[in-house]
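Biologist: Can you walk me through this one? I would like to start with the aromatic side chains and then go on to the strands and the charges.
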Amino acid sequence: VAEISRIQQVNANTPYTGASVVALDPATYFSVSRPESFYFLNPGMDPARNALGTRGTVLITQRYQVSAALQIGDRLTLTSSLYTNGTPASASVTIGGIVRFLPGSTPSSYGYYQGSSMLYGSFETLHDLIAAASSQPDVFVYGGSRYLVSLQPGTDWQTAKQTIAGLGATDVVAYQEILNSTANNPFMTSFLGFIRMEVAFIVVILTAGLGLIIYAASLERDVEFAGIIARGSSGWQTAGLLVGEAFSIMIIGVVIGFAVGIATGYLFASFSAPMTTTGVEPVI
């Protein structure tokens, strides 16, 4: 094992609308999970990491932001039904960033995805709420604690998974295992095969299209070419003129096709996200 990061579900209520509260250690979490920039909407990954490491600052998911009409800089008061010294536990926090969700922050069996309402804070920020639950060990906390583990290079993940499960851990999930199951999924293999065929088709279309445009542009233009050459242009310069015309037409077509493709992909991701457990992440 190279490094471990602990993540804990916190017994707390959020204002305006319900959201799951999760405590994590920013330093170890980012080094173990190495999330991509796709997860961070506003601000980017580095500012979000700094915000999460600042006491009293939290990150929230886009779903919670939209549901509660929140913005960066808004202050929230998290409350708990548990008591410390006779008073309800609470924590005042400031929103420091918006994320889609943080990967690995919830057990995979719970079915959380990017549309969940969640709030992320450091153990230091949520200390009072965590301490209230710790002082009452008979209180059941949904989700409890879980750990993200990064392995040393060359480590057999199957042996590591069996060893960790042998220690009494539940819901042990290996990234490589999910990757292998995805690669062997008939739908995914068919989909990726279709994409490869589309890419090859695009290359053929671009190559053949360029040739056809040049050929079509040269038909019945003998007099024009003769005039160009008579004014001193060489054969290569005349050919370059044809290629330039063809490229300009092809570039316009590529730009239009790219825009249509992006719009189609966005609509597909938007409609498919509610039906999947991971939203648009696999599409991206």
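**Aromatics, strands and charges**

Modeller: Phe30 has a relative accessible area of 4%, so this residue is buried. Keep in mind that this is a predicted model.

Biologist: Which ring does Phe30 stack with?

Modeller: Phe40. The ring centres of Phe30 and Phe40 are 6.1 Å apart and the planes are at 25°, so the pair counts as stacked. The two are 10 residues apart and link distant parts of the chain, with Phe30 in helix 1 (residues 26-33) and Phe40 in strand 3 (residues 40-42).

Biologist: Phe40, buried or exposed?

Modeller: Buried, because its relative accessibility is 7%.

Biologist: How many aromatic pairs are there by this rule?

Modeller: The count comes to 5 aromatic pairs. One of them is Tyr29 with Phe30, which is edge-to-face, at 5.3 Å centre to centre and 85° between the planes. Tyr29 is at 0% relative accessibility, so it counts as buried. Tyr29, Phe30 and Phe40 together form one aromatic cluster.

Biologist: Which charged residue sits over the ring of Phe30?

Modeller: Arg49. Its charged end is 5.3 Å from the centre of the Phe30 ring. Arg49 also forms a salt bridge with Asp46, where the closest N and O atoms are 2.7 Å apart.

Biologist: Where do Asp46 and Arg49 lie?

Modeller: Both are in helix 2 (residues 45-52), 3 residues apart, which is about one turn of the helix. Arg49 has a relative accessible area of 32%, so it is partly exposed. Asp46 is at 42% and counts as partly exposed too.

Biologist: How many salt bridges does a search of the whole structure find?

Modeller: It finds 3 salt bridges. Another is Arg55 with Glu124, with the closest N and O atoms 3.6 Å apart. That pair links distant parts of the chain, 69 residues apart: Arg55 is in the loop between helix 2 and strand 4, and Glu124 is in the loop between strand 7 and helix 4 (127-134). Arg55 is exposed, with a relative accessible area of 51%, while Glu124 is partly exposed at 43%.

Biologist: And what does Glu177 form a salt bridge with?

Modeller: With Lys161, the closest N and O atoms being 2.5 Å apart. Glu177 is in helix 6 (residues 175-183) and Lys161 in helix 5 (residues 157-166), so the pair links distant parts of the chain, 16 residues apart. Glu177 is partly exposed, with a relative accessible area of 31%, and Lys161 counts as partly exposed at 24%.

Biologist: On to the strands. Why is strand 7 called largely enclosed by the rest of the structure?

Modeller: Strand 7 (residues 118-122) is largely enclosed because 5 of its 5 residues are buried.

Biologist: Which residues of strand 7 point which way?

Modeller: Met118, Tyr120 and Ser122 point one way, and Leu119 and Gly121 point the other way.

Biologist: Which strands pair with strand 7?

Modeller: Strand 2 (residues 20-24) pairs with strand 7 in the parallel sense, over 5 bridges. Leu24 has Ser122 as its bridge partner there. Strand 4 (residues 57-61) pairs with strand 7 in the antiparallel sense, over 2 bridges. In that pairing, Leu59 has Tyr120 as its bridge partner.

Biologist: What about strand 4 and strand 6, parallel or antiparallel?

Modeller: Those two run parallel and are joined by 5 bridges. Val58 stands opposite Ile95 of strand 6. Strand 6 (residues 87-99) is also joined to strand 3 by 2 bridges, and that pair runs antiparallel. Phe40 comes up again here, with Val99 in strand 6 as its bridge partner.

Biologist: Where is Val199 placed?

Modeller: Val199 is in helix 7 (residues 186-218). Its relative accessibility is 47%, so Val199 counts as partly exposed.

Definitions and conventions: Residues numbered from 1 in each chain as written. Predicted model: local features only at pLDDT ≥ 70, side-chain atom pairs only at ≥ 80, totals over all residues. Heavy atoms only, no water. Helix = DSSP H or I, 4+ residues; strand = E, 2+ residues; numbered from the N terminus. Buried < 20%, exposed > 50% of the residue type's maximum accessible area, 1.4 Å probe, protein only. Pairing = 2+ DSSP bridges. Phe/Tyr/Trp six-rings, centres within 6.5 Å; stacked < 30°, edge-to-face > 60°. Lys NZ or Arg CZ within 6 Å of the ring centre and 35° of its normal. Salt bridge = Lys/Arg side-chain N within 4 Å of Asp/Glu carboxyl O.
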